[in-house]
Structures are given as structure tokens and as C-alpha cells.
Amino acid sequence: MKPSGAETIKSESAGLRGPIAAEISADAMKGGLSEASYTLLKFHGTYEQFDRDTATALKQAGEDKAWSFMVRVRAPGGRLTAAQWLALDDLAGTYADGSLRLTSRQGVQFHGILRENLKASIAAVDSALLTTLAACGDVVRNVVTSPAPRRDAIHARLEWEARRLSSALLPKSRAHHEIFLDEEPVGTAEAEPLYGPTYLPRKFKIGLAHPADNTPDVLANDLGFVMQTDAGGELTGWIVTIGGGMGMTHNKPATYPRIADAVALIGPDEVLEVAEAVVRLSRDHGDRSDRKHARLKYVLAENGVEWARERLSADLGRPLAPAPALPRFDIPDHLGWHAQGDGRWWFGLHVPAGRIADHGKVQLRTALRELALVLGVNPIATSNQDVLLTDVLASDRPTLEAILRFHGVPLPEAFTPVARTMLACVALPTCGQALAEGERVRDPILAQVEAELGRVGLLGERISLRLTGCPNGCARPYQGDIGVVGKSPGMYVVFVGGDFAGTRLNFPIADKVPLNRVGATLAPLIDAWAERRDPREGFGDFCARLGAEACRAALAQPMAAE
């Protein structure tokens, strides 16, 4: 089949260079980028966007769109130092819209960066010993793992593997350094021994987890490594999971979210070698003719686990052992105070929708900057869009809380359990994929769900609520107890039946639900859960036990009566 347009752009890019340097120069500041530059810039960690709130008015006035860039920082495992945080904070104020955003993959994003500041922004990230390279694009993106900074062998190994994978799987092209860091051109495009000249068919995500902490939602990734330990906590191996992914397209059943399959069991020291083999599997078997069918999840769904293990075994030159059944996953609460195990503490701070900014009386960005300056806290971004403030001396605990309170920052106990774990994507006004609002309607949707839970006395229950403005699934809505996915302006598809541990997909129960009716739509099921659930049964577990048809039937009568 004919390769997609993106494949042609990659093959003709001279190692991810293309026309980028010319188009972001001072002499080319008008209008949007060419398709080639737009596509290739993703590999360098940035998307061109425009303000969709003002686009119509500007067009009517005969003016161009308000173009800008989103820049994403690659931070394996979300680990940052105090100095790096201060550098990123400076970038937010100097070049971006005054905010930082923690992503659902432990990265940091900036919005509102103008074209004339793009090169300087990316160079500033590099100066902080971080990078935006491969934070987006058809390559291995940011590697996620448990955010907990526990000073034990398990967490040290998870962090080490995440960092090693992130470094080893970067593209070898020097295009990024030439374009953004003024490195002298090499003259010819470098070979990419792992990715090849056209890189991967689509994005590739990797997660590592211990069963006791599946905060990174390891089964949502193209490739996952689930740590296996013996009774003494010693590493014995890894279960390799392949074929997860959240993206889909409304009304196109050939596209779908998927939970990864357990494919193989490997030894303690085989992670990188196996990861490279799985990347090659995606490279060689992913669909390069249709980007909506290009992810590794479709390769697994259409060929099966046995096929994948055989291909990987042939690639590695040795047979891979079949995977055992996946263990039970837990999701610990990382918010509040926790001992690290080295005499120091971390404080988990909830950040609604991951947005770090100063708004009115809540001066969150200022507070975090002060904590980095005064206490030297090292931040860790979590896959729940929160931040862990780490390496705090016991004697500094009162000071940390005092600084947060002084700046009006709510502490974790101010939030309900459902608020503490809710995820929301950015969506409008900057995301070009958004069909409806995301982050900006997080609070009203949360309030509706909280009201229904409070009405039946279950506001203290842990429920995963996830909101996205389109079906691409950046906030992993299809794994949540409740997923709310944008369908059109002001309208959403409501999903239920996932589980808090991230091991099961949910299912749709209502289509084209108005924004102000999300809570009312869920009310009959929340009532049934309150009345009929088994002891300690989660909301998603209860809905899954009922089944999709029974859940839809429970909604039919109340909705018909309105």
C-alpha cells in the first residue's frame, strides 16, 4: 500500500532536518508552517498551534491566526532537580504563557511560545541539562515509571531503567543540535541503526512498574515492563507487555483503545535489549499507509501474542519464555507526607489538570519556585499530573507547608478522593485535535460527579475520573472508572467500567451528553452502586460486573422521562 504523506516527509527529511531551520528563522515569521516542518518539528518536541478562541474573529477581520508553539520537555520518570525546575520556571515567564503544565506522561509542557522565541526556548531547556528531543514524534517518547522517590532497590532500579531506556532510544540524528543549538552541520544525514530512515510508523510509549505501584498505567503503553521480585524484594525478572494504547476515532470501529498483552518473561538484565527488539517489531510491522492504524497495538491485535513472541525470539536469537499471569496492580496515594527511607521526606501536591500558574489568590507557580529556591526541593512529575516535592529535611516540613499556605495553595486534604486522581487534557484553545473543552471544564464536570457521590454518601470513595476533549486519549480516559470524552462542542461520550488499577478498559454508555448533564447521566448507576455493590467494590468494578447492556439500560428510563 502507498505510504502516508508523513512517511514521505520523513524519508525526504535528511535526518529530521527538512525545511525547519529556514521556516523558524527571523525572515519567515508570517503564517503557519509547511506540512513538512509541522510534521518534523514533533520529533524535536514541539507542535505548532493557534488560538482557536480567536481564530474566527481574526479571520473575519482579515488577519492571520494567533500562531504559537507547544514545547514539551522529556524527563524520564518525571525526575527534575531544583535547578532544572527554576530554569523551566524562568522559561515559562520569559517565553511561554506564564504557566507550566505537567503531562500525563511525567513531562512538562509550555504553551504560547512565539515562533521567534522557539529556538531560544528549546536551547534554554538544553542548558538545564534536559531536552525536548523525541518528546513527540514517531519515536520512543518520554519513559514513565513510579514517581515515588523511595530509597530502596526496587525504586532505584525502576528509575535507572527509565533513564537508561530514555537515553539509549533517542534518535542519533544531530539535526536537533544543528537547528536549535547551533552545532556545526555534519554535511550528511546520520544513519539511524534502530529507527531507520523513516523512524517508526507512529508514536511509541514505554512504561515500567512494580505491581505495588501502577501509577504509570503500564498497560496503556506500547511496551511495558512489570517488575518481578521474590519474597525478599530481590529482582527476579520482568513481564514484558506489548500493544497498549489509548487513541481511537469516533465512529470508526477499526480504531480502538487497547490494554497491552503479557507477551514474555525476561531476566533482570534484559530490559534494553528486549526494548530495542520491540521497537524493531513496530518499525517493521506497523502500518505505514494509515496513521490511524499504525500503532503497535494493531499489530498485536491482528497477529496475536504467540506471533509477537516468535518474532522477538527470532530477532534476539533465543527463545523468550511465555509470560505468567499478570499480578494484581495497586495504585498508592503519593500525595501528602511520605518518608523516603533515607531520613528525608517527600510531599505530594495535587495539581489540578497539571497546570502550574498563578491565578488570583492561588499562587502555585510562585510557591513552587520559592520552595526550589529556599528548600532546594527536587520535583518529580507524576503520571497523575501531580508533583512530588522531594528530599525535604524533617526540620523543613513546617516551612514547606507554611510556604504553600502563604501562597494560597490548597493542600491534598482539601480535595476529595475523586478530585485527587482526576486527569484532564489541555484541549481548547490550543490543541488542534480538540472537539470539545477539556481542562477548562474540569471543575464543573468534577463538581457534578462529586455532587452525585455526596448525595449517596460515597464522596470518600476512590474513583478514577478522566476527561479528554477528543478521542485520542491523552488523559487515558478508557481505563478510568469514568471516562468523559469530547465528541463535539459541549458534547461528550461517557464511559464506565474501567478499574482504578488500570487493568481493564471501560465501555461507552451514553453519547452526545451535554456538559451540564454528565453528573445526571451517571446518577442512576451511582445510585445502583450505592444500593447493590459488594463490600469494597469500586464503581468501575460494579459497572463491569453489571455489563455494558445493563448499564445502558439503567440510564434509559430516567433519560426518557426528561
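## A buried glutamine

Glutamine 479 has 0% relative accessibility and therefore counts as buried, a value that, like the others in this report, comes from a predicted model. In the chain, glutamine 479 sits in the loop that runs between strands β18 (465–468) and β19 (482–488).

With residues up to four places away in sequence set aside, glutamine 479 touches Asp217, Leu219, Ala220, Met246, Ile259, Arg466, Gly498, Asp499, Gly502, Arg504 and Asn506.

## Nonpolar cores

The largest nonpolar core comprises 96 residues, of which Phe110, Leu165, Phe225 and Leu400 touch the most other members. Helix α9 (residues 271–285) supplies the largest share of this core, with 8 residues. Apart from it lies another core, of 35 residues, which includes Met422, Leu458, Val518 and Trp529.

Leucine 400, when its neighbours within four places in sequence are left aside, is in contact with Trp337, Phe347, Leu371, Leu375, Val377, Leu389 and Val392.

## The second largest pocket

The second largest pocket has a volume of about 760 Å³. Its lining is made up of 31 residues, and those closest to the pocket centre are Pro352, Arg355, Ala357, His359 and Glu439. The elements that contribute two or more residues to this lining are β4 (108–113) and α15 (442–455), and α15 gives the most, with 3 residues.

Sorted by class, the lining of the second largest pocket consists of 16 nonpolar, 8 polar and 7 charged residues.

Technical notes:
Residues are numbered from 1 along each chain as its sequence is written. This is a predicted model: local features need pLDDT of at least 70, side-chain atom pairs count only at pLDDT 80 or more; totals for chains, interfaces and linings use all residues. Side-chain values use heavy atoms; hydrogens and water are left out. A nonpolar core is a set of buried Ala, Val, Leu, Ile, Met, Phe, Trp, Tyr and Cys residues joined through side-chain atoms within 4.5 Å. Buried means under 20% relative accessible area, exposed over 50%, partly exposed in between (1.4 Å probe, protein chains only). Helices (H or I, at least four residues) and strands (E, at least two) are DSSP runs, numbered from the N terminus. Contact means heavy atoms within 4.5 Å. On a 1 Å grid over the protein atoms alone, a cavity is a set of points where a 1.4 Å probe fits but cannot get out, and a pocket is an open set with protein on both sides within 12 Å along at least five of seven lines; lining residues have an atom within 4 Å of a point. Grid points are joined across faces, edges and corners, and a volume is the space filled by probe spheres set on the points. Ala, Val, Leu, Ile, Met, Phe, Trp, Tyr, Cys and Pro count as nonpolar, Asp, Glu, Lys and Arg as charged, and the others, Gly among them, as polar.
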